[in-house]
Every structure is written in structure tokens, then in C-alpha cells.
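Work through the exercises below on how two chains meet. Each task is followed by a solution in steps.

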Amino acid sequence: MSFLSKQTVLDEFKKAKESKTKEWRDNLPTWCPGCGHFTGLHGLYEAAERLNIPPKDFVVVSGIGCSGRFPFFIKGFGLHGLHGRAIPIATGIKVASPDLTVVVVGGDGDGVGIGGGHFPHAARSNFNLTYILLDNSIYGLTKGQISPTSPMGMKSGTSPYGNIARPLNPTTLALAYGATFVARTFSRERDMVSELITKAIQHKGFSFIHDLSPCVVFNKVVTYDSVNDASAMLPEGHDILDRSKAMTLAESTEPIYQGLFFREEVPSFDDHAKQVRDGLKD
Amino acid sequence: MKYSEITIRFCGIAGDGIVASGKILAGACANIGLHVMVNNIYSAEIRGLGKSSATIRFSTEKLYSMGDGLDLLVGMMSKESIIDLRDVKVGGNVIYDTSTIGDVAEEDSLASHITPEIQGHGLPIKKLANEATGTNQGKNLVAIGAICYFYSLPPEMFIDQIRSVFAHKEEHIIDINIKAFNLGYEYFRENYPLNNQFEIDKRSEPRALTSGNDAIAKGAIDCGLKFFAGYPITPATKIMEIAAKELPKLGGWTLQMEDEIAAIGAVLGAWFAGKRAMTATSGPGLSLMSEMINMSVMAEIPTIIVNVQRGGPSTGLPTKVEQGDLNIALYGGAGDSPRVVMAPTNSEECYSGIQLAFDIAEKYQTPVIFLSDLFLGQRTETVTIKENIDRNRCTRKKPTPEQLENFQRYQITDDGVSPLIVPGEPGAVYSTTGLEHSVTGNPNYEEDVHSMMTAKRFRKFESMVEDLPEADILGEETADIGIAGWGSTIGSILEGMEIAKKQGVKTKLIKSIMIHPQHEDSFRKFFASCKKIIVPEMNYQGQYAALLKSRYGIKPIEIHIPSVNPVSPLKIAQKIMETSSELSQ
């Protein structure tokens, strides 16, 4: 992937303002040209357009980090919350107002670092939320420090002698936590990102997208090229109901599989809560 | 002998049915129309050898505190009760278990520690319980039977209570418990034919019993609570348990979250979605919530946090009372971060006060920290709950059609309150943030924007004063000694003032459920009319006194009680008497 100049990015977005997704476009993004997050944002615009989600019923909740600014770029209700705490805030919104479409957007530090304690509980409760984790394996907003998904040995301002901890793999975590929809995408593949975000929002229950979204400024180890070279689509005929097979495929680093790993249709939190309330009416 | 007020303590170990004893005695007395207050003290250990006690005070007059001293101590377990003998008044009574004498060494026997100024009454508690139930169960009922006879209380009221407390048990369990009660009653009638009489006004209606925690939960539910998120913590868990049971019936829900940060986060989310929501916690949880309270201030999302204070710092004293969280409630958090702090002084105020908290939070888009404490939260007392509160006194400020046209979520207004819309409502959308922001909500770090927005957030605290209750001034208007207090300590202060009054010393008291903001003029006027000001509170630092000193420039006499038990009214009275004699010198 070649670098786009800032002017090219701005021109593209001005053009896009006239596109079919214009109803969901708001402020121009503030990310660096070439940032993987543009693809995630584009995917969310496309999903909103395809599913025709009225902006008044669309809520995007984020934490802190480069991905934290998502709500300001999307026309809808938005809550740019605290570092690591987007999931509980989104949970409160969704449980209080189940008719809203609530999407959580966050980075790797936000989701499996500081906020790592919230992810398992949202997944196991099967709240009807979509969680998009944009993973660039770096703390970008603070200008380049290792994150919980940085590879071993990676040098950064806070790991001058190399990262000595093993990286977490958000896809396998989601599978282990009991998420009912788990996918991995790569920000170079725009169509795949849009397609899977759309499916995730349609899913009834907790849907998780692990979007590999390289940082073109601060991460010299995990790059478009490095991810691209290792990428492969999930094998044909992969059974999306087989959680343990999905886990094995998700663990692989050579290749890094992409696509829909797992999906099961079980009652969501909303269904369970409704059942309890209905039972109390008698 | 005639009594108009009695204090009884059951003392034993976990598993002795101590709490049930308190419930039965309190329930019977409340049904006769007496005023009752019950305080349970237990250790943080789950079971086994943890000591447990229930103190029940009942009276023909309204009660404000647990008072001082015991009229009767019931030692269900010998050794554990010995230390409580020091709380028995001169001329007071002790019931001890004669069936266990000989089972313990003499130094561990309650009977051998009874001093001549106290009357001991033997009762074969364990033996009679075995006679009734075939096991050690029912010991508490034997003791209650004896007490019923001892103070000439109506036994039929106790039988009713036993039926109600054990309603969920099988019929034969209720029968054997009643049998245990009767055996205790008969034993005392035969062996201690006394002529003690409790003065009962036959016209009194039965009174309702509640705890502060119950009253907060009920108050919140009655004013539209739809969502509760929490994390279990002593002594606040009861509020969450009530919410968990009741909210689904009302179309709402209670979530047990993974920690307190998640709990307050979910509550903020629910308010963002336009629903009345709250959480309840204690000191350690409130500490974790600091950042989210700041988010609530910055994004102007309403929130309600009930903090039932326990001893601190850190994990501290989970089952003991202290008023040590005032500073964190007022100041905990980064930046210039204003929040409303309220502190109810009794169960009635727990009910009405939490409703005011919701109305203020919703109208002024602010966090409200509602500071109860372990003593107030867990004690049971007879109350008259005021249920006819105006539901429309404070409502959310909605945008006009013109405002909606070009919606500014953080529009600058005279009262500091901006129009608020919620997701799902047509007309406009907005995004909010914990970053400093412009009138639209977009992040903005310019100097003039930050100062304008900070001023707006503080301006709300000036405009809300008109919606807040005036401070209460009680006692003798002309008194030279003024007392200022907060929270559950008020009860002990009122009784301390009464003791001083009987000694001929006049005092007055200023109290308010509002800690911040306050109607400052009434405080200024009050302090100006006092020659001496006393500020008693249950913490080491004098946190409320510090607030009053900085706010009103007063130099009070401070009483700091880093207490594990409710404050003794006598202690307050002594300070009043000392102050009075200093004044007359």
C-alpha cells in the first residue's frame, strides 16, 4: 500500500460526501493519511447505508485512542467515552433502549489492555452489540508505544530493549469469551470489511470484528506489507458453528486467517430479559 | 416498674438467629405502635465463630439514635457476651443461659462476670430450645418469650411476627418455634414473677419498619428508576438486590457488572439513552468510579451514585460505620469537577432525598453522590414515608423547534443548562465526549472555549439552589451554642441536645440533606447567631468541619470520632456541657 497524500485523502472524502453513504457522514476524519481506520469507518458507513439505519437510532460508542474519534465522523448519536470503558457504556445504552443500533469501536489498547476486563462479560452476556476492535498493535495517539497485541521483541519508546511479553490475540479471546459472532478482517480489503460489519450488525447477540488496521506512522513492525504477506482467507468449507476449529484457525499466525470464524444463533440478552419480564406479568 | 423506653441486645455468634431475634422483637413492637430502631453488628467473616449482635431500642417517643446503654443484655453465647456487659446500664438486666454453665471455664462464663449493680436472670436457653425443637435451633425464640413476659408485652403480637418471619418455612417449623417462645415465656412467668410494665398507648396504629437501604431503593423505584447497574459490596448490596427483584416487573433491568467502573459506565449509558438509572456502592467502589464521575461532569450526562459509607481507607472496615467519604465525594476526580453531594440524615430522607437527587440530576445534567452510611443503611426503624412528592418539579430541558433546527447540545445559557435530546428522538443527533468541546459537542481545546464551558458547568450549581430545600434549624433559637452536623450523626446530636436540655443547657442545630451546593445564607445567618459552634462527625479529619470552615470562615469546636459504632448521644451531650461551662466562665 502506498502512502496517500493528505490532500488525496481530503479530496476522496469530499467526493464521498456526495456518495450514497452521505447521510451518515459527518466531520472529516482527523487520522493520518494511509491509516487503516479509514477502511473501518467506510465499512460502518456502508453497513449503515445497506441496513438503512436512521441516524436517530444509530449510536456509536468509543473509548480513547486513534479509533476513539469515530463518533464524530458518523452522523448518529455518539459517545466518545473513557479509555477502555466503551463496552460498559454501550451496554447501559443498549439495555436501557433495546431498539437502538449500538456499535462499539475501539483499539487494541482500549479493548484488551486497559478495558480488557469488560470484553469477556459483554461477550458472555450476549448483549446485542457490535464491537469493532481496530488493531494496529501500537499506541498511536501517544505516538508509538507497545500495545497488548505488539509482537515480542518489538522496540518502542517504552520498550527500548524490545517487548518481552507475548501478544494477545483478540480473535481467540472473543472465541474463548463465548462471543456468538467472531470475524477477522484486514483494512486493505474494503469489501470484506464492509460486508462483515454489515453482517455483524445484523447478528442478534454480541458480534465481534477484529480488524487488522495497520498504523502507517508509528508501527514499523506490523505493517500493511507484513500483514498482507501473511494473510489468507479462511479455508473453503470452514464450519462457522465449530468453535474449537475456529479457535485453532484463529491461533494461526502463518497464515493470519481472515473471514467469519464463528457464528451461532442463540437467544441474546434482550431475548432472555424479555422472557423474564414476560414471566413476571402472569 | 414502668418503662417508656427499652434497649435490648441479643448477643451470640453467627447462626444463633440473632438477626431474626431483632426482626421478631422489632416487628412486634412496631405492630403495637411503638417507635423502634434496630442495629445489627456482625463481623466480616461468613459464619462460624464470628460474633453477631442485634440491638433493639423501642419507645413510646420518636427515636433518633441507638441511645446509650442497655436495659437488657441477652447472652446467647456466654463468652462472646462478656464484653457487652460494660454497655449495660446501672440497674439493668442480663439474661444468661443456665443450661451451658459448666460447659465453659469460669472466666468464660457470662454469669460469673455479672456485677452487683446489674441484675442477672438465669434461663435454660439451650435446654428449652431442645425441648421445643429437638435441636439447638429456637434458642432465640426461648429468649424472646422470656423478654415478652419480662416487660409485659402482648404475646399474641410476637406469635404473629414469628409466623411472618418464618412464613417461607414449613408449618411444623413455625409450630416448634412458637413452642420455644412459649417455653421461654412460661419459664420467666414461673421463676421471675416481676411486675415490669411497658407503657403502651393502645390507640397507636402499627408502624412501618424500613432500613435506609430499603428506603433508597423504594424511593428510586417510586420516582421512575428503570435501570440499575452495580457490583456487590457491603453495606450497599441490599439496594442492588431490591432493584434486581423489582425492576424487571416494571419493564426495567438490573445488571451485575464486572466491576464498579463498568457499573457506573453502564449507568451513564442508560442516562445517555434517556432512562433514569443509578448505582450503589461503598468507599472502595466510589474510588474506582472517580474517572466516570468526571466524564459525567464533562459530558453533562446525569448520574446517581449512592455511597453507603463504611470504615476506610482501602478495604477498611467493611461491616463498621464511618463518615469518611465526604472528601472523595466532594473533590475526588481530576480537574475542576463540580458535583452535587447529598447526605440523608434518616430513613425518611433516604426515601424523599433520593427522589430529589434524581430530579436534580436530570434537570441539571450532573452527577449526584448520595452519601448514606452503614448505620443508616442497615439499621431498621419505624418511619412515616412521605409518598406524595411532586413528580414534575424538575424535568429534562428539551430543545425548542428552533433550537432543534441547528442543535447545539452544549448551548451557552443563563442557567448553564443546555437542551438535551436522547437517541431515538427525531430532529437532531449529537456526539458527546469527555474531551473539552464546543457548543456542538465537537472536541475543542481553545482557551476561550474551555473557560466559557467551565463557567457554564459551574453556573448550573448556582441556578440549582432555587430547587433545593432550605437547611433545617432545630432546637432553641436563642441558644448560644450552635451545632452543625450531617448524615446519620444528626440522630445522636438530637438526642445529645435533649440530654443537655434536661441539664438546663440550650442548643440549636443546623442540618441539611444538601452538602453541596447549600443555601449558604441560612448557614451564614445561623453561624452569626452562635457564640460557639460544635461540629461532630464520624471521621478522624473533620471533613465536614473543613468544608464549613473554608466556606463560611467559622472556627468550630470539632468532635472527630473515627467510629466503628454509631455515635453516643452522651458523648455529644458532654461536649455541649463543657462548651457551656467555658461560655459561662
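**Interface of chain A and chain B**

**Exercise 1.** State how many residue pairs are in polar contact between chain A and chain B, and how many salt bridges the rule finds.

Solution. Step 1: 14 residue pairs, both at pLDDT 80 or more, are in polar contact between chain A and chain B (a pair of N or O atoms within 3.5 Å; within protein, one must be able to donate a hydrogen and the other to accept it, and residues adjacent in sequence count only if both atoms are side-chain atoms). Step 2: zero salt bridges are found across this interface (side-chain nitrogen of Lys or Arg within 4 Å of a carboxyl oxygen of Asp or Glu).

This is a predicted model, in which local features need pLDDT of at least 70 and side-chain atom pairs count only at pLDDT 80 or more, while totals for chains, interfaces and linings use all residues. Residues are numbered from 1 along each chain as its sequence is written, chains are lettered from A and ligands numbered from 1 in the order written, and side-chain values use heavy atoms, without hydrogens and water.

**Exercise 2.** Find which element of chain A gives the most residues to the side that touches chain B.

Solution. Step 1: helix H3 (70-73), strand E2 (77-80), helix H4 (86-96) and helix H11 (269-281) of chain A each supply at least two residues (DSSP runs numbered from the N terminus; helices, H or I, at least four residues, strands, E, at least two). Step 2: H4(A) gives the most, with seven residues.

**Exercise 3.** Describe how E2(A) pairs with chain B.

Solution. Step 1: E2(A) runs parallel to strand E17 (residues 431-433) of chain B, over three bridges (pairing needs at least two DSSP bridges). Step 2: His80(A) lies opposite Thr433(B) in E17(B).
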